[in-house]
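I opened my notebook to look up a few things in this fold. Here is what went into it, entry by entry.

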Amino acid sequence: MIKILLGEILDEKRISQNQLAKDTGVSVSTLRNLAHNRTTRISFDILEKICCYLECSIQDILVLEKD
């Protein structure tokens, strides 16, 4: 299972989902679903925007968890 750690990263950096949405152009609903790990897919362009904005790597956001 792939776990999305966006919510944890935003909390650590003290950045709100609304601020991230405003600054990246990614919709708040998309970010909310990602932050709460309620999505089954993510586009590369959204992932790139998030990583560039948060100055992190893909591995910081997506983690493969073994059952």
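Helices are DSSP runs of H or I with at least four residues, strands are runs of E with at least two, and both are numbered from the N terminus. This is a predicted model, where local features need pLDDT of at least 70 and side-chain atom pairs count only at pLDDT 80 or more, while totals for chains, interfaces and linings use all residues. Residues are numbered from 1 along each chain as its sequence is written, and side-chain values use heavy atoms, with hydrogens and water left out.

**Entry: helix α2**

I began just past the end of α2, where Gly25 has a positive phi of about 85 degrees. Then I asked which residues of α2 are buried. I found Leu20, Ala21 and Thr24; buried means under 20% relative accessible area, exposed over 50%, and partly exposed in between, with a 1.4 Å probe and protein chains only. Viewed down the axis of α2, these buried residues fall within an arc of 100 degrees, so they line one face of the helix. The arc is taken from the directions from the helix axis to the C-beta atoms. I noted the general rule too: an α-helix has 3.6 residues a turn, so residues three or four places apart point the same way. On the other side of α2, I found Asn18 and Lys22 exposed. The buried residues of α2 pack against α1, α3 and α4, with contact meaning heavy atoms within 4.5 Å.

**Entry: Thr24**

I stayed in α2 for Thr24, which is buried at a relative accessible area of 13%. Its side chain reaches the backbone nitrogen of Val26 at 3.3 Å. Leaving out residues up to four places away in sequence, I saw Thr24 touch Lys49 and Tyr53.

**Entry: helix α3**

Next I looked at α3, residues 28-35, and listed Leu31, Leu34 and Ala35 as buried. Down the axis of α3, its buried residues fall within an arc of 95 degrees, so they line one face of the helix. Their cover includes β1 (2-4), α1 (6-13), α2 (17-24) and α4 (44-54). After α3 comes Asn37, with a positive phi near 55 degrees.

**Entry: cysteines**

How many disulfides does the structure hold? I counted 0, a disulfide being a pair of cysteine sulfur atoms within 2.5 Å. I noted Cys52 as exposed at 56% relative accessibility and Cys56 as buried at 18%.

Terms used: A polar contact is a pair of N or O atoms within 3.5 Å; within protein, one must be able to donate a hydrogen and the other to accept it, and residues adjacent in sequence count only if both atoms are side-chain atoms.
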